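Open the model in a viewer and keep the selection panel at hand. The stops below go from the whole chain to single residues and back out again.

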Amino acid sequence: MQSFEWVDAESVEQAVSLLGEGSERAPVVAKAGGMDLLDLMKNGVVAPRRVVNLKTIKGLDGVRFEARQGLELGALVTLARLSRESEVRRRFVALADAAEHAATPQVRNAATLGGNLLQRPRCWYFRYDHFHQAGGDDVERVRAGQNQYHAIFDNQRTVMVHASTPATALVAYGASVELSGPGGKSRVVPLSDFLLPPDMKRQGDTVIAPNELLTRVLIPAPAAGTKAAYHKQGERESYDWPICDVAVVLQMDGQVIRRAAIAMGWVAPTPRRATEAEKLLVGKKLDEELARQAARAAVSGATPLSKNAYKVPVLEAVVRRTVLAAAAA
């Protein structure tokens with residue numbers, strides 16, 4: 001690991017200014033929990049000249065809910081706190097469950113929501129510095145290699161998947177992120193537009209600019225009759241990276257589904273909405289057969305690789321179970 005300068009930021013404005021001083025060859029990066037950054041630096045994937053500590057900025061760890069505005073989460077809220085906040089668990093249970101099932105208790109106590117959304121892929125090719133030294137952009141080598149945990153959708157240009165589990169639930173809830181930039185200006189971007197397909201040539205996999213800071217995550221207030229569920233499927237019950245995860249948010253009118261959002265993670269370069277499955281559900285009463293039809297529609301069009309076709313039936317089963325769980329919540 002190369003040496004670097006450490007700076008404790010006292011404000012968002014100072015952090016933005018410091019980030020803007022970086023360059024492609026001498027990047028300046030921000031950290032909060034630092035869980036992903038430390039791994040990237042150890043693996044030789046990132047070598048910053050300066051690390052800006054965000055933990056010293058006050059006011060970025062708030063949680064606030066208002067009936068009209070919805071839920072506002074500071075970027076420095078830890079996953080552990082997110083999983084147990086009463087307003088989050090009562091009104092956004094899929095998000096609380098996603099945070100609760102991320103990583104290990106030790107990691108959740110340090111990892112922040114903002115850092116989790118900004119983390120890089122967990123692809124073992126991406127994390128291998130010698131692969132980068134050899135070019136690091138040979139998709140066909142990855143496609144033909146050890147690809148059992150890679151994408152089964154939208155995998156023509158990249159087979160890497162996004163690593164955030166809370167992102168799956170946030171996409172289902174229609175969340176947005178606030179990005180603060182120079183001069184006190186900020187912009188709000190829907191999370192589905194914020195996340196980009198992973199790319200080994202980029203320094204990040206989002207639309208955030210080098211001189212911007214992710215400061216808040218915003219979720220609209222749930223409509224009356226909203227129910228939700230989340231499920232993460234791994235190879236074992238103890239800590240493991242997911243094979244897939246699914247978040248389902250339904251707006252119910254009695255037993256009839258008026259709106260549906262199904263987000264699937266770890267199966268595509270970014271969390272994927274199962275739009276055809278959602279259309280099947282709307283306007284109908286849910287039963288076991290309809291849930292099966294929706295699950296089949298959710299996996300339709302999958303293009304699995306040589307070693308990950310098993311993900312298709314697993315994902316289908318998880319979608320079916322999560323849809324039924326959401327309606328029964």
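**Before selecting anything**

This is a predicted model, in which local features need pLDDT of at least 70 and side-chain atom pairs count only at pLDDT 80 or more, while totals for chains, interfaces and linings use all residues. Residues are numbered from 1 along each chain as its sequence is written, and side-chain values use heavy atoms, with hydrogens and water left out.

**Whole chain**

Show the protein as a cartoon: its secondary structure comes to 14 helices and 12 strands. These are DSSP runs numbered from the N terminus, helices being H or I with at least four residues and strands E with at least two. The radius of gyration is 20 Å, close to the 20 Å that the globule rule gives for 329 residues, so the protein is as compact as a globular protein of that length. That radius is taken over C-alpha atoms, and the rule is 2.2 Å times the number of residues to the power 0.38. The C-alpha trace spans about 60 × 50 × 35 Å along its principal axes.

Colour by accessibility next. Of the 329 residues, 49% count as buried (under 20% relative accessible area; exposed is over 50%, partly exposed in between, with a 1.4 Å probe and protein chains only). Among contacts (heavy atoms within 4.5 Å) with a separation of 6 or more, 63% come from residues 24 or more positions apart.

**The five-stranded sheet**

Select β4, β5, β6, β7 and β8. These 5 strands form an open sheet in the order β4-β5-β8-β6-β7, with antiparallel pairing. Two strands pair if DSSP finds at least two bridges between them. At the edges are β4 (63–66) and β7 (186–190), each of which pairs on one side only. Neighbouring strands are turned by 20° against each other on average, direction ignored; axes here are lines fitted to C-alpha atoms, for helices over the stretch in contact, and angles run from 0 to 180 degrees between N-to-C directions.

Centre on β8. Strand β6 (residues 176–180) is joined to β8 (residues 213–219) by 5 bridges. Along this pairing, Leu 179 has Leu 214 as its bridge partner, and Val 177 has Val 217. Strand β5 (residues 70–74) is joined to β8 by 4 bridges, with Glu 72 partnered by Leu 218. Of the 7 residues of β8, 5 are buried.

**Val 217 and the cores**

What is in contact with Val 217, leaving aside its neighbours within four places in sequence? The contacts include Leu 71, Leu 73, Leu 113, Leu 117, Leu 170 and Ala 175. Val 217 is also one of the residues with the most contacts inside the largest nonpolar core, which has 40 residues. A nonpolar core is a set of buried Ala, Val, Leu, Ile, Met, Phe, Trp, Tyr and Cys residues joined through side-chain atoms within 4.5 Å. A second, separate core of 30 residues includes Met 252, Ala 268, Leu 290 and Val 319.

**Aromatic rings**

The whole structure holds 4 aromatic pairs. Rings of Phe, Tyr and Trp (its six-membered ring) pair if their centres lie within 6.5 Å; planes under 30 degrees apart count as stacked, over 60 as edge-to-face and the rest as tilted. Select Phe 65 and Phe 92: their ring centres are 6.1 Å apart and their planes at 65°, so the pair is edge-to-face. Phe 65 is in β4, and Phe 92 is 27 residues away in the loop between α4 (86–91) and α5 (93–100). Phe 92 counts as buried at 0% relative accessibility.

**The four-stranded sheet**

Move to β9, β10, β11 and β12, an open sheet in the order β9-β10-β11-β12 with antiparallel pairing. Its edge strands are β9 (226–233) and β12 (272–273). Strand β10 (residues 244–253) pairs with β11 over 9 bridges, and Met 252 stands opposite Ile 257 in β11. Helix α14 (residues 311–328) packs on this sheet, touching β9, β10 and β11, and its direction makes about 30° with that of β10.

Finish on Ile 257, in strand β11 (residues 256–265). Ile 257 counts as buried at 0% relative accessibility. Its C-alpha atom is separated by 5.2 Å from that of Val 282, 25 residues apart along the chain. Not counting residues up to four places away in sequence, Ile 257 touches residues including Leu 250, Met 252, Leu 281, Val 282 and Leu 286.
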